[in-house]
Amino acid sequence: MNKENLTKVALRYRAVFLDINREDINMKSEATAPVMAFVARLKENGFCVSEDLLHALNAVPANQLTEITACINDVMGVNLNWASLVKGWNVPTGESLADHIVTFVANIFGEQAGFKGTTLPCGHLIPEGTFPIERYNGCPFCGTPFETADFVYKGQASKLKELRLFTLPDLKRVFTSLLASATPLDGTQKNSLELLLQEFPLPEQGGIVMKETAMIVVKSLVNQGRAEDAVKLLRTPTDVLRYLWYEKTGYVQIIEPKTLIAHARKLYYHIWGPLDQGADAAICMKKILMLKYDRKACLRTSLWLNAIPMTATQAAENMNPKRGMWVRMIRALRLGEYSRKKGFEHLAEILDVFYKQDYSTWQGRVDKARNENDADKTLALLKERPGLFARCLFATMLRFGSEKVLAAFGEIADKLPARLLLSLGNTAEAYFDTKEMRLARPITGVAHSIAPNKLLALYDEETRKAMKEAVNNLYKASMARRFASMDTKSKTIYIDPVLYQIPISVGDRSATVQDISCALMGTRFPVEGDAVRLFLQWGKGLHAQHLDMDLSCRIALPERKIAECAYYSLTCVGAKHSGDIRSIPEMVGTAEYIELSLPELAEAGAKYATFICNAYSVGALSPNLVVGWMNSAYPMEISEEKGVAYDPSCVQHIVRISEGNLSKGLVFGVLDIEKREIIWLEMPFTSQTMRGADSSSIETLLHKLESKLTIGQLLDIKVQAQALTVVEDKDQADEAYTYEWALNPAEVTKLLYI
């Protein structure tokens with residue numbers, strides 16, 4: 001058993017894993033010296049312990065406490081380099097564009113042209129009267145750091161995060177809930193499931209709902225040499241293709257080769273022509289996507305397809321949407337050869353129908369009926385596939401009228417997964433508003449704004465409003481029927497007030513990993529003090545090289561004015577930047593900071609401050625890059641010698657960029673200055689600078705999150721449907737829904753698995 005993996009997973013649920021039995025805990029024991037030292041180390045990182053965890057720690061050997069401490073230090077980045085480019089950067093250096101221009105000229109013509117100054121280890125001459133080089137830990141011209149720091153500040157936090165006790169049964173429950181999640185797993189949950197699959201066997205009863213989750217499990221089974229057990233998870237040819245592509249690319253969605261090639265070209269584009277590697281990246285991606293399989297993989301895939309519980313015609317129709325990819329796969333996997341062998345008759349029949357195209361597709365029949373304006377036939381076909389009916393419900397309402405369409409949809413609404421119904425309710429308000437832009441996030445992760453449907457212009461405002469209300473009533477009525485049909489012995493319920501501020505995660509795929517929390521997108525974090533400090537750390541485990549990541553902040557001022565705090569503007573109203581670093585030192589990485597002063601921002605009339613990070617270097621955001629913000633009611637120190645401003649105890653939220661991410665930039669938070677709240681969100685974009693983060697898309701995403709059904713509102717539907725009594729004491733309630741419960745999104749989605 002790898003206890004480090006289990007400790008990392010437990011920490012994401014605000015817990016510490018101990019391999020003990022809860023029944024053996026002596027609740028009257030006194031804390032030993034090693035335990036008190038361990039608690040002190042936790043406090044330095046911003047954590048405290050619950051009472052049962054404190055007593056449980058007495059039963060743990062001291063060396064295990066050391067291992068847990070090392071794991072937490074690693075997660076919090078305590079041992080990394082947090083030195084900034086500028087020493088004591090809370091006092092501006094006063095550098096300007098003119099300093100860069102003069103230095104540029106001086107390095108072309110050198111001292112022979114009369115320039116005098118200091119030559120730095122990177123080889124650049126810094127002329128006298130330009131940059132105050134005594135204020136820098138590196139070269140202010142090229143952003144190469146010369147100094148690193150071996151310390152961080154600790155224990156400055158005004159508020160500690162309580163850690164609970166997790167034992168093996170607790171982690172097994174997390175494991176089961178992740179497998180049974182009724183919504184797609186985000187980056188944190190995927191990583192947790194992958195870690196837990198290494199430690200726990202799969203439950204016999206199955207219960208995997210999402211196809212994307214099934215792919216992670218299939219990969220684990222294949223790695224364990226149990227590919228035959230994956231047959232029950234691969235029910236269609238598309239499932240098989242999804243796994244093959246996940247194995248090839250690492251993405252659980254099927255992203256077509258042309259999309260990946262085009263995206264690689266965008267990621268490696270550079271605004272300065274000589275550094276543009278877009279064309280080479282596209283060629284490289286094309287080579288990476290070339291298919292080559294050994295005999296073992298060919299046989300495994302042939303067995304899976306031969307065991308598909310569909311007729312040949314159904315299987316061929318299922319393969320048709322990705323026909324081009326299937327033609328390549330069939331050739332690379334030698335499926336034609338295996339189909340001629342004894343025992344593979346079903347595979348042979350599927351390939352025969354597929355190549356002869358002796359079938360019609362359901363989508364083709366729907367499109368034909370829709371083009372012929374045949375409402376009855378279109379609706380009859382859509383009712384055959386409720387999930388696809390839900391996905392085109394709004395457009396069908398506009399084409400054929402809401403009354404007829406909703407009557408047909410109501411017949412099959414209860415057959416749909418609850419997550420799809422909630423998605424309809426969450427998006428109805430924006431869809432039927434002619435002035436509201438919609439936000440689409442394709443599988444490459446980059447957000448796009450979509451103009452309103454042109455058919456909306458055919459209807460007046462009252463009709464559009466009636467359509468929106470009809471959709472809301474439909475999904476709420478369906479959810480109420482589902483809750484009412486559940487058997488429950490509960491009479492009372494407790495709902496934590498904070499749950500009314502947390503939207504249910506439906507349709508929000510996250511590519512980042514949250515190592516100290518599992519906050520849902522849209523969660524609001526209160527700001528306690530007068531300062532918010534953003535941080536960016538990258539380069540962990542990499543050799544010294546040029547690798548330029550940027551931390552930026554965009555501030556919305558009155559009269560639609562914008563202030564920017566970035567590498568080209570180190571100071572602006574209410575914000576200070578620690579300096580632009582463009583190269584990383586050996587293995588320990590480097591850091592950038594931005595400090596926001598709320599009193600100054602409020603005095604300037606600022607409304608929002610948007611937090612952004614992006615890769616200025618060609619390629620995507622660096623793997624293992626961490627970004628987040630710190631907050632404390634007390635002032636947070638900044639080193640006058642190294643510029644270190646990181647304190648793990650003050651970290652309010654931190655995310656890590658996972659392997660295989662497809663984004664070049666990330667909007668990771670918005671500070672509402674008047675409410676003194678930070679809204680956690682994740683909006684990837686593909687641009688070399690912060691200006692590629694479209695303001696209208698950010699506003700659309702915020703509006704989308706605000707209009708989503710919250711966990712508390714969903715629980716209110718449950719209260720009404722089951723005639724429960726809401727109580728204010730969670731210990732007296734038959735069912736208690738707390739913030740700690742909401743930390744596990746997979747547990748939250750159990751409300752949808754009905």
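Visitor: Leaving aside neighbours within four places in sequence, with which residues is Ser-339 in contact?

Guide: The model is a predicted one. In it, Ser-339 is in contact with Phe-344, Leu-347, Ala-348 and Leu-351, once neighbours within four places in sequence are set aside. Ser-339 itself belongs to helix H15, which covers residues 335-339.

Visitor: Why is Ser-339 called buried?

Guide: Buried means under 20% relative accessible area. Ser-339 has 13% relative accessibility, and therefore counts as buried.

Visitor: How do you know that Gly-712 is buried?

Guide: The relative accessible area of Gly-712 is 0%. The limit for a buried residue is under 20%, so Gly-712 is placed in that class. Gly-712 is part of helix H26, residues 711-722.

Visitor: Which residues does Gly-712 contact beyond its neighbours within four places in sequence?

Guide: Gly-712 is in contact with Ile-495, Leu-499 and Tyr-500.

Visitor: What makes the backbone of Arg-14 worth a remark?

Guide: Arg-14 has a positive phi of about 55° although it is not a glycine. Arg-14 is found in the loop between helix H1 (3-12) and strand S1 (15-17). With a relative accessible area of 13%, Arg-14 is buried, because the class takes values under 20%.

Visitor: Asn-373 also has a positive phi; is Asn-373 buried or exposed?

Guide: For Asn-373, which is not a glycine, phi is about 60°. Its loop runs between helix H17 (362-371) and helix H18 (375-384). Exposed means over 50% relative accessible area; Asn-373 has 53% relative accessibility and therefore counts as exposed.

Visitor: Why is Arg-656 called buried?

Guide: Arg-656 has a relative accessible area of 19%. The class requires a value under 20%, so Arg-656 is buried. Arg-656 lies in strand S21, residues 651-657. Not counting residues up to four places away in sequence, Arg-656 touches Arg-12, Asn-191, Thr-512, Val-513, Asp-515, Asn-624, Leu-625 and Val-626.

Visitor: Which residues have the most contacts inside the largest nonpolar core?

Guide: They are Leu-18, Trp-82, Ile-555, Leu-596, Phe-611, Tyr-646 and Leu-671, in a core of 108 residues. Apart from that core lies another, of 73 residues, including Ala-214, Val-217, Tyr-251 and Ala-312.

Visitor: How do you know that the radius of gyration agrees with that of a compact globule?

Guide: For 754 residues, a compact globule would have a radius of gyration near 27 Å; the chain has 28 Å, and therefore the two agree. Along its principal axes, the C-alpha trace spans about 80 × 70 × 60 Å.

Visitor: What share of the residues in the chain is buried, and how many helices and strands are there?

Guide: Buried residues make up 55% of the 754 residues. The chain has 28 helices and 26 strands. Of the contacts between residues at least 6 apart in sequence, 76% join residues at least 24 apart.

How values were computed
Residues numbered from 1 in each chain as written. Predicted model: local features only at pLDDT ≥ 70, side-chain atom pairs only at ≥ 80, totals over all residues. Heavy atoms only, no water. Helix = DSSP H or I, 4+ residues; strand = E, 2+ residues; numbered from the N terminus. Rg over C-alpha atoms; globule rule 2.2 N^0.38 Å. Buried < 20%, exposed > 50% of the residue type's maximum accessible area, 1.4 Å probe, protein only. Contact = heavy atoms within 4.5 Å. Core = buried A, V, L, I, M, F, W, Y, C linked by side-chain atoms within 4.5 Å.
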